[in-house]
Amino acid sequence: MSKKHGKHHRGHKRGDGMTGEADLHGATVDHRPSTARWAGSVDSVAESVPAALGRHGPVPIRPAPGIVAVEPAAPFDLGTVDPDDVGGLDKDWAKDALAQERARIVALQERLYAERARSLLLVFQAIDTGGKDGTIRSVLKGVNPQGCAVASFKVPSSEELDHDFLWRYHARVPGRGMIGVFNRSHYEDVLVVRVKGLVPDAVWQSRYGRINDFERLLTESGTTVVKFFLHISKAEQKRRLEARIADPEKHWKFDPADLVERKSWDAYQQAFADALGRCSTPEAPWLVVPANHKWFRNYVIARTVADTLEAMDPRFPEAAKGIADLTVPD
């Protein structure tokens with residue numbers, strides 16, 4: 001080992017009069033208690049917290065007509081929602097209206113990104129072929145990718161399994177100014193693990209409360225959480241699976257395991273219903289979207305996202321004084 005990388009420099013004097021220890025590359029290690037380090041950084045920490053964060057409380061979620069908002073902390077029966085419902089809307093009208101809602105989302109996203117004070121998290125859950133991918137593509141079409149990030153949660157890695165069940169989800173929560181999208185989410189840990197019996201009943205049952213606490217933490221930290229359950233019928237799932245088998249260009253989307261999972265349809269429906277009922281809260285209610293008709297699904301979700309962003313009321317930051325009087329030289 002060379003002297004450059006192997007020598008430890010002890011007794012390095014710091015500008016604050018305290019003696020620290022340099023790391024292998026010469027950087028000083030601060031040995032003060034963490035509380036002391038925080039106290040010394042309080043001003044810079046305070047400056048990084050936007051004033052807008054304290055100015056705004058929780059944002060009321062206003063679902064578009066046709067979407068069913070699950071009553072907080074009450075049992076819920078998915079059988080009460082017709083997945084074929086289109087709320088009396090016309091298909092051609094809804095397609096035109098979708099373009100208008102997209103334009104609203106794009107304009108409001110720019111303000112959210114510029115303000116850099118709060119964030120929006122969109123959570124999508126559905127059974128296989130429920131339409132999560134298509135919804136995300138359609139609703140967020142035209143959104144500036146710099147201000148939007150999609151996280152798709154598959155089977156957890158060995159590293160993820162070495163942490164608590166919320167660890168991998170918390171790491172992907174959107175930062176200030178961002179729209180985050182969860183394609184599947186932390187709810188997998190009370191859905192798949194329950195149906196497949198991957199953990200003892202007592203483990204997944206205890207997670208409902210932890211999920212509610214997690215979402216409350218996000219809300220109180222400036223992240224508005226909007227949760228969509230895309231509700232399709234068993235007959236519609238059959239049709240969509242058959243369409244994938246019939247089209248060679250869709251074979252990549254087909255997983256034979258989907259046919260195995262379909263045998264657990266009733267168990268998944270009950271698991272979804274329990275999660276919706278036990279984890280719908282005033283701050284982050286569950287919204288059930290009749291999703292057999294893609295055009296209806298896309299429109300009502302886009303309108304809900306646009307209305308939520310409008311309720312957040314993001315503002316462009318104040319410009320520096322004198323900008324309006326500047327001229328650009330030839």
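A: Happy to! A crossing of two helices counts as right-handed if the near helix is turned clockwise from the far one by less than a right angle, and as left-handed if anticlockwise. With that in hand, helix 6 passes helix 14 in a right-handed crossing. Do keep in mind that the model is predicted; its average pLDDT is 88, with 83% of the residues at 70 or above.

Now to the geometry. Helix 6 covers residues 132–139 and helix 14 covers residues 294–312; they pack at an angle of about 55°, and their axes are 10 Å apart. That angle makes helix 6 oblique to helix 14. On the helix 6 side, the contact is made by G134, T135, S138 and V139, which meet R297, N298, I301, A302 and V305 of helix 14. By type, the residues of this contact are four nonpolar, four polar and one charged.

Helix 14 also leads us to the sheet. It lies across strand 5, strand 7, strand 8 (223–231) and strand 9 (286–290), and runs at about 170° to strand 8. These strands belong to an open sheet of six strands with mixed pairing, in the order 4-9-8-5-7-6. Strand 4 (68–69) and strand 6 (148–152) stand at the edges with a single partner strand each, so one side of each has no neighbour in the sheet. Strand 5 (residues 119–126) pairs with strand 7 (residues 179–183) in the parallel sense, over five bridges, and there L121 stands opposite G180 of strand 7.

Technical notes
Residues numbered from 1 in each chain as written. Predicted model: local features only at pLDDT ≥ 70, side-chain atom pairs only at ≥ 80, totals over all residues. Heavy atoms only, no water. pLDDT = per-residue confidence, 0-100. Axes fitted to C-alpha atoms, helices over the stretch in contact; angles between N-to-C directions. Helix = DSSP H or I, 4+ residues; strand = E, 2+ residues; numbered from the N terminus. Parallel < 35°, antiparallel > 145°, perpendicular 65-115°, else oblique. Contact = heavy atoms within 4.5 Å. Nonpolar A, V, L, I, M, F, W, Y, C, P; charged D, E, K, R; others polar. Pairing = 2+ DSSP bridges.
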